[in-house]
Amino acid sequence: MADPSLLHHDAAARDTDAPIASNGTGPAFASAESSSFAQTSLPLRQAPRRGAPPQIHDVTEKFTRACQALDVGQLIKDEYFTLFESIGAIEIMDAKMDSGFLQPGETLEDDFDLLAPLLPEELIGIMDQLLSYEMAWHTGYPLSQTLFTSVYIDRLLYPEPKTIPQAQFYRGDIPDDKRPGTLLDVLRAYCLALIKGCDYVIAKIMARDYFEEEDFATHTYNRVLFVQVPIDVFLRELDASVEMIEDSDLKIDDELRSAIIARLHFRKSFLCALDPECPLELLSNFWPPVLPHVDKVNDTQHLGRTVPGSFSTKIQRRLASTVPPRPIVEVEFKDALQTLKQLCADCEEATRFKDLPTDPLEYQSFLWTFASRQPAPLTYSRSYLSNILFDPYILNAPVSLPLEDVKSFVFHESPILDPANWALSPPRNPLMPKPPRLQFALLIDEFVERVGQPYLDLWVALGQNRCRLRRMLTHVIIAWDMLQQDAVFVDADLVVHALQLNIAEEVMDSPLLTWVYIKKLWMIEKVIILGFEQDIYLPDEHAGMYYFLSLTAGKRKDALQRCAEHLSERCIQFVQKSRYQDTNDTDKKLAFIDSELQQATGISAFAKALHGFYVIANYLHLLPCPGRPFSTEELRYELRMKPFLTLQPPEVPPFEEFQTALQPYGAYSDPKPSINDDLKQEHSLPWTNIDASLKAAKDAFADVKKRGAKGAKAKGVEQAWNKETQGMLASCVALGVAVAGLKSAVKNTELGRGPQLKVELPTVDKRYVGGWVVPKIVKE
Amino acid sequence: MGDDTDAKEKDGDALQYVQYDGSKEETYLPAIRQLISKDLSEPYSIYVYRYFLYQWGDLCYMALDSANELIGVVVCKLEPHRSGPFRGYIAMLAVRESHRGKGIATKLVCMAIDAMAARDADEIVLETEVTNTASLKLYERLGFLRSKRLHRYYLNGNAAFRLILYMKEGTALKRPPGMETAPAGQMMGGPPKMEEYRGFAQDVGVGEQAFVT
């Protein structure tokens, strides 16, 4: 098992699904914090008190007496013995658990001569193998099973060198004739830069929220990765190596020579790109140069030759004695390079974040799209983006980001946000009532302050791995639910002061509540859609979950409708008052609301169409439906709706209502006979409902598409946005085909005998959009 | 619990299903360990088995053949979960390779579920690898639903599904004593207790959950 200390971190973080901690900008739920929390709340043994002089008690007699009370083999368990402790335990002298165990004749250390001269081919081979392990580490494996199995890396780091010149493949003085040759020196420079790169990676990842071992293993086994040494030292070593290799006195085949130089150049460019000190505005300069070097490395990989013994699992013994021996993670070089290219591409994409317009909704689109990239961005890339997002330059924008978000929906050119409100001073006499406009400012400030944490929580969640994202969103939703309750009071106060000023008609009804509700509903929709994407729902649950999605998106649609109506009224008011500039501005704003409104309409309608289709498929027994002797529909409904049960207003329909929507003809096993006729008639309600929903969905998505990424505040990710919108339209078409196929097949068969068809559910990689499972009808 | 599995069983060697008995650790435990660790890259220490069997031996069932050889085993625990419900947990399930496909695992799991139901469990949970179709099918046939996907859950880097079976109404809103009124979200972040998460259901995905059917 893993080192207990590691496991502890891991276990604490692993499934706490912690709701958001108080500090969203810091590592709010990084493992370190959770585990320290765990340490104080677990029934842990008391540590021996330090300081007091040790007292010695002879317990021999007590022990012997106590033993007599036990039968041979009888077990005793004390309350401190937890599952965690049992997992952390290893059995000494069991070769699979005890890393110190030596097979007969086995030596403790490998007999590998680090100073033996290398051939150029061997140098290339080692460099490439190191790169493979580096990428394996990036995908989540610990250093002990990857880079730290290199005897060269091990020697550079241990015993710990005080200075870089001391970091050699030997320690102390050695005779001149034993001194490493040029190629070993080059390998040293390459390794040093590699190690520094690891240090940078760890620093970046640990600066943000991540889950130890689940996302990434930061453990360095007490090896110090040159934390204090600045980057130029490593760059100089690399430059010097390039010179040594370029030196014409060095007798070496030119092809090999340029292959080695390519690797050194790659390492240099990569290290520069990883440098966490790099200023925000320069970030995007550093990733593009890496890729050409990667291609050169790829083209010359065949020149390399592996060096047996240069990597060894035996080093693990000295890294952590309490961890069982674990095999070296084998990665194909071409896969490693793929990972590396992906890493570079994702980070380069992330640098585009800083060029987005200062609009939190553009940020949100970017974050969501980045999290949706395929293959999923690695932990480093996600941290890289989070570090940009949480850079003071972005976060401390001159405008309040949450307030900008609010403005996009409910306040535009609103007297409530009139900058003049903030210029008012409170009356000198504190007993005098504050002027209403000042009250507006104070209420808004208070609300913005209140929103801050839940708002950041959403952003933090969007930076997690996809599985976490879904689970964390369910917690963020709860935080927004509480926010929604608070918004009610602020809204009420706003109305009071608006009435005092006689401008009530200029203020939307319950603006803040509406805004919070729209955001919350959006998150609920995402949780359901992610559930489909992650194959959480079984085929016979599809009808119910799409039904719930349709309801939720429908509520968001209604809320957006209210925003749109208010804005239209405002336009009229502006025209009446001849405020033409404001009319124009409000019109522009309406474009966004309309885009959102159409999007919600499309989602609700399309989910409704899918709901209708899956209900029919269930009646026709076209989907696998397990017997489930230990469960009931009610219990499963409760389990499914668990994350949403406490929300206010209630989002989860009562079970009876749900069942009526899912089983309009009664139980699937014993439906009302009228279903036969209904399904055979093209114009019966079940079919016309689906057709109408599908048409509404198509129209809405087409409208969204026409309005474009800019209208949806997704200009920064236009390409991906277009692709998804197109995917939704394609999904509509595909469902239309499936519906037509089912209709015509049912026409000619008796229900119960089962039409000769099959419903195929595409796997996630075969869908137009991951969270939308559009079935295919296949005739058998 | 397919009906045909019972029929199949009659064809083969008659198995007897027995509850684990702590006083016979020497007889059973070596065989249990062998069966379960057979496909694990990293074996569990004896303490992991004892942790479960000492406290919840009555939730462990074994299938023995006529020669008293261990053919299959299920190991569970049952205790209050920090989020409130009285939670049963299926930790390990293994059936000897030569005896798979006969419904033995299903039978063992059913016995364990019945025993946990008798002891008033609110819910029963477990994790299994997302690629372990046989295991997923077994549990989903019985009524388990997938509640979460867990990224890189196992040491081999594979993801898992958490499966849950509710036994009683009201389980979703159960809160630990003293926190009955707390909204769900606030208490979920309570002290992260070292639970079933990761740790022992390693590799090969509770590799055990692997065999089944």
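This is a predicted model: local features need pLDDT of at least 70, side-chain atom pairs count only at pLDDT 80 or more; totals for chains, interfaces and linings use all residues.

Colleague: Fine. So is D535(A) buried, exposed or partly exposed?

Modeller: Partly exposed, because its relative accessibility is 28%. D535(A) also has a positive phi of about 55°, although it is not a glycine.

Colleague: Where does D535(A) sit?

Modeller: In the loop between α19 (511–533) and α20 (542–576) of chain A.

Colleague: And chain B, what is phi of R152(B)?

Modeller: Near 45°, which is positive in a residue other than glycine. Most residues other than glycine have a negative phi. R152(B) lies in the loop between β6 (145–150) and β7 (160–166) of chain B.

Colleague: Buried or exposed, that R152(B)?

Modeller: Buried. R152(B) has a relative accessible area of 10%, and the cut-off for buried is under 20%.

Colleague: Switching to peptide bonds. What is the bond from Q374(A) to P375(A)?

Modeller: It is cis, with omega near -10°. P375(A) is in the loop between α13 and α14 (379–389) of chain A. The bond from Q648(A) to P649(A) is cis as well, with omega near -5°. P649(A) belongs to the loop between α22 (633–641) and α23 (655–662) of chain A.

Colleague: You mentioned α13. How do the axes of α13 and α17 of chain A cross?

Modeller: At roughly 25°, and the axes come within 9 Å. Angles under 35 degrees count as roughly parallel, so α13(A) and α17(A) are roughly parallel to each other.

Colleague: Which residues make the contact?

Modeller: From α13(A): P360(A), Y363(A), Q364(A), L367(A), W368(A) and A371(A). From α17(A): Y455(A), L458(A), W459(A) and L462(A). By class, that contact has nine nonpolar residues, one polar and no charged ones.

Colleague: Zooming out. Which domains does the assignment give chain A?

Modeller: Domain 1 (4–32), domain 2 (120–360) and domain 3 (537–780). The C-alpha centres of domain 2 and domain 3 of chain A lie 49 Å apart.

Definitions and conventions:
Residues are numbered from 1 along each chain as its sequence is written. Chains are lettered from A and ligands numbered from 1 in the order in which they are written. Side-chain values use heavy atoms; hydrogens and water are left out. Domain bounds come from an automatic or database domain assignment. Axes are lines fitted to C-alpha atoms, for helices over the stretch in contact, and angles run from 0 to 180 degrees between N-to-C directions. Helices (H or I, at least four residues) and strands (E, at least two) are DSSP runs, numbered from the N terminus. Angles under 35 degrees count as roughly parallel, over 145 as roughly antiparallel, 65 to 115 as roughly perpendicular and the rest as oblique. Contact means heavy atoms within 4.5 Å. Ala, Val, Leu, Ile, Met, Phe, Trp, Tyr, Cys and Pro count as nonpolar, Asp, Glu, Lys and Arg as charged, and the others, Gly among them, as polar. Buried means under 20% relative accessible area, exposed over 50%, partly exposed in between (1.4 Å probe, protein chains only).
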